[in-house]
Amino acid sequence: MDLTTNYMGLNLKNPLIAAASPLTSTLKSIQRLEKAGIAAVILPSLFEEQIRQEEEERIALSRNNLLPKASSFLPAGLTLERGSQAYLDTIHKAKAAVDIPVIASLNGCSEGGWMDYARQIEQADADGIELHIYYNPPSLDITGRQVEDVYLDVVRSVKNSVTIPVALKIDPFFSAFGNMAKQFDEIGVDALVMFNRMLQPDFNLNNMQVETNWPISKAGEIGIPLRWISVLHGKINASLAATSGAYDHEDIIKYLLGGADTVMLASALIRNGADYVSVLLKGLEVWLKQWDFAGLNDIRGLMSQRSVANLEAFERANYIRTVDGARKR
Ligand SMILES: Cc1cc2nc3c(=O)[nH]c(=O)nc-3n(C[C@H](O)[C@H](O)[C@H](O)COP(=O)(O)O)c2cc1C
């Protein structure tokens, strides 16, 4: 059974990638994931704020031996736990310890000196960079166009800084996501990772505190990424990676049928352990055999919207049919 796939120029033995999460933070767990059959790993993100904070501290120390004020809302000790040099060391060590691609993750939302770090990641021998842009415009005066420009500028700068492939992990909340995807593609982004899950604050009515949900996803959350992967398949050059809610082999098959080149896993592996990768691969193989498919190439994008001539009419008709069906029930 041919499970191989190409993801942003990297040849992978199968479509399963360990998404950025604590599971990819130690060599031991990366090795366990490799043993269970994972095809590549994304390291947890290094944040723009961490890099900036280190830089501020370095400058302050060299000027007058005084540490700067803890100027941000970052958790204390963040820099010390996993500073930028330690991150580069992890890349080096992971590359030496496993044979699968190791992709670093950078999280930021502005242009600036921290981007030099992309070059250092490349020098540390990472196979690629997953750029995770998380930008929540703080002011009501910031327009949609300005938000879009922030994304485009950051992506352009990182792409211009390195020669290794760059994937972009984003959220879907643009008024015209399809057009944004096209613009990212035109800049030359090598893959789109769909989608980042937004933090959704809740109010605790017992202690009147704001609580931010733990970012573990639930099964059944594949709807929005599946839709956009199905729309984009065959229309842009960038590889398509699905992230969110892939819990069993059926979720993975649905993403592949929609047109994903790879499926990323975090919550399912956190809940079930690294060895669960082999269960998912087995399920995928059994299903392909049952349907007499020779490999992933036979199913990728089979149920995408590539062949739909009038997408707008198709979407409206689908919507009306669904509402009508619900009313009748
Ligand atoms: C505990 C935890 C930590 C995560 N850390 C990161 C991170 O550092 N960088 C990142 O881009 N995504 C991070 N994510 C998001 C995952 O990579 C993934 O995109 C998301 O959880 C959706 O996939 P899933 O449904 O398989 O969990 C994290 C998720 C979890 C659950």
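Is Asp116 buried or exposed in this predicted model? Asp116 is exposed, because 12 other C-beta atoms lie within 10 Å, and a residue with 12 or fewer is classed that way.

**Figure 1. Asp116 and its separation from Pro225.** Asp116 is part of helix H5. Its C-alpha atom is 31 Å from that of Pro225, a residue 109 places away along the chain.

**Figure 2. The closed barrel of eight strands.** The strands follow the order S3-S4-S5-S6-S7-S8-S11-S12, and the pairing is parallel. From one strand to the next the twist averages 25°. Helix H8 (residues 223-232) packs on the sheet and touches S8 and strand S11 (239-243). The direction of H8 makes about 170° with that of S11. Strands of a sheet pair through backbone hydrogen bonds, in either a parallel or an antiparallel manner.

**Figure 3. Pairing of S4 with S5.** S4 and strand S5 (residues 102-108) run parallel and are joined by five bridges. Ser45 has Ser105 of S5 as its bridge partner.

**Figure 4. Strand S8 and its pairing with S7.** Strand S7 (residues 166-170) is parallel to S8, and four bridges join the two. The bridge partner of Leu168 in S8 is Leu192. Side chains in a regular strand alternate between the two faces of the sheet. In S8, Ala191 and Val193 point one way, whereas Leu192 and Met194 point the other way. All four of these residues are buried.

**Figure 5. The largest nonpolar core.** This core holds 85 residues, of which Ile17, Val41, Ile129 and Leu168 touch the most other members. Strand S4 (residues 40-47) makes the greatest contribution, with six residues. Nonpolar side chains tend to be buried together in soluble globular proteins.

**Figure 6. Surroundings of Ile129.** Neighbours within four places in sequence are left aside here. The contacts of Ile129 are then Ile103, Ala104, Leu106, Ala118, Ile121, Val158, Val162, Ile164 and Val166.

**Figure 7. The shell around the ligand.** The shell has 22 residues, and Ala19, Ala20, Ser217, Ala266 and Ser267 come nearest to the ligand. By class, eleven residues of the shell are nonpolar, nine are polar and two are charged. S4 and helix H10 (267-272) each supply at least two residues of the shell. H10 gives the largest share, three residues.

**Figure 8. The cis peptide bond between Met194 and Phe195.** Omega for this bond is about -5°. Phe195 is in the loop between strand S8 (191-194) and strand S9 (201-204). Most peptide bonds are trans, and most residues other than glycine have a negative phi.

**Figure 9. Met8, a residue with positive phi.** Met8 is not a glycine, yet its phi is about 40°. The residue sits in the loop between strand S1 (5-7) and strand S2 (10-12). Met8 counts as buried because 26 other C-beta atoms lie within 10 Å, and the cut-off is 20 or more.

**Figure 10. Asp125, a residue with positive phi.** Phi of Asp125 is about 85°, although the residue is not a glycine. Asp125 belongs to the loop between helix H5 (116-123) and strand S6 (128-133). Asp125 has 15 C-beta neighbours inside 10 Å and therefore counts as partly exposed.

Definitions and conventions:
Residues are numbered from 1 along each chain as its sequence is written. This is a predicted model: local features need pLDDT of at least 70, side-chain atom pairs count only at pLDDT 80 or more; totals for chains, interfaces and linings use all residues. A nonpolar core is a set of buried Ala, Val, Leu, Ile, Met, Phe, Trp, Tyr and Cys residues joined through C-beta atoms within 7 Å. Two residues are in contact if their C-beta atoms, placed from the backbone, lie within 7 Å. A residue is near a molecule or strand if its C-beta atom, placed from the backbone, lies within 6 Å of it. Ala, Val, Leu, Ile, Met, Phe, Trp, Tyr, Cys and Pro count as nonpolar, Asp, Glu, Lys and Arg as charged, and the others, Gly among them, as polar. Two strands pair if DSSP finds at least two bridges between them. Axes are lines fitted to C-alpha atoms, for helices over the stretch in contact, and angles run from 0 to 180 degrees between N-to-C directions.
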